[in-house]
Amino acid sequence: MPILCRRNHINDELFVLDKVKKFSITTKCDCGNQDLNEFFHKDAVHYKEDLLAETYALYLKSKGARSLGPLAFVALANDTIKLSKSLKRKLISHKKRYIEEYPAVKIARLGVHKESQRNGLGTHLINLLKALFTTDNRTGCRFLTIDAYNRKEVLRFYKKNEFDFLHDEDKEEPTRIMFYDLKRFSLTT
Ligand SMILES: CC(C)(COP(=O)(O)OP(=O)(O)OC[C@H]1O[C@@H](n2cnc3c(N)ncnc32)[C@H](O)[C@@H]1OP(=O)(O)O)[C@@H](O)C(=O)NCCC(=O)NCCS
């Protein structure tokens, strides 16, 4: 599958993921979750202004599809993670284990339009992000991270997309920290 990767834009045969510039389009996407909708419809623009998060929108590439509005949104921010000794031993080469916090990008928010959920779009978007952050990076970025809603279907979604739990301390919390090692993606592509 050919993927074209630019600074603010990534696309493959069927989809394009574009950085949002006009936030008026965000109201065209309803992911069925009030907090997420409120973030994308109202707050995302301020997060951009304050340099706290950038929002991207997923569209089908076919003619006229853009006017129907985005199929999904994702907001991204820089992050770091601390790995336990055992995770360091598993993931990081011996000489780089002295690093205390590893560079990452956080999926700050992610929502798929409610009528399009469970069709593989969320998975497709995650795959585009994996490609985006392993192609021509400006800075080192080893992991994707997410504070995932601690709900069975959401955890299942991230597990299916090869995210792991960072630790078990947040097992009973409303959100759980999960991560994906981008090295896995760069080794398989
Ligand atoms: C969670 C979300 C992003 C998943 O995106 P999606 O496009 O619907 O997910 P996909 O079709 O790629 O699903 C991949 C796998 O995740 C799991 N999954 C996704 N939605 C699920 C659901 N509602 N119930 C159970 N499993 C689910 C399944 O294992 C699915 O694989 P399968 O369909 O082969 O069984 C989307 O449903 C969404 O936006 N939900 C509302 C907002 C939200 O909860 N966002 C997460 C913030 S952390």
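I looked up Asp 164 first: its bridge partner in S9 is Phe 179. Helices (H or I, at least four residues) and strands (E, at least two) are DSSP runs, numbered from the N terminus. The model is predicted; local features need pLDDT of at least 70, side-chain atom pairs count only at pLDDT 80 or more, and totals for chains, interfaces and linings use all residues. Residues are numbered from 1 along each chain as its sequence is written.

**Around S9**

I checked the pairing of strand S8 (residues 164–165) with S9 and found two bridges, antiparallel. Strands pair if DSSP finds at least two bridges between them. S9 also pairs with S7, antiparallel, over seven bridges. There, Arg 176 in S9 is the bridge partner of Ala 148.

Is S9 enclosed or open? Five of the seven residues of S9 (residues 175–181) are buried, so the strand is largely enclosed by the rest of the structure. Buried takes 20 or more other C-beta atoms within 10 Å of a residue's own, exposed 12 or fewer, partly exposed in between; C-beta atoms are placed from the backbone.

**Around S6**

I moved on to strand S6 (residues 102–112), where ten of eleven residues are buried. Strand S5 (residues 72–81) runs antiparallel to S6, joined by ten bridges. I noted Thr 80 opposite Pro 103 in S6. With S7 (residues 143–149), S6 pairs in the parallel sense over four bridges. Val 105 stands opposite Leu 144 in S7. From S6 the chain passes through helix H3 (residues 121–132) to S7, a right-handed β-α-β crossover. Right-handed here means that, with the strands pointing away from the viewer, the path from the first strand over the helix to the second runs clockwise.

**H3 and its loop**

I listed the buried residues of H3: Gly 122, Leu 125, Ile 126, Leu 128, Leu 129, Lys 130 and Leu 132. The loop between H3 and S7 holds Gly 140. Why is Gly 140 exposed? Because Gly 140 has 9 other C-beta atoms within 10 Å.

**The ligand**

I counted 22 residues around the ligand, the closest being Gln 117, Gly 122, Thr 123, Glu 153 and Phe 157. S6, H3, S7 and helix H4 (152–160) each give two or more residues to this shell. A residue is near if its C-beta atom, placed from the backbone, lies within 6 Å. H4 gives the most, with five residues. By type, the shell has ten nonpolar, eight polar and four charged residues. Nonpolar covers Ala, Val, Leu, Ile, Met, Phe, Trp, Tyr, Cys and Pro; charged covers Asp, Glu, Lys and Arg; the others, Gly among them, are polar.
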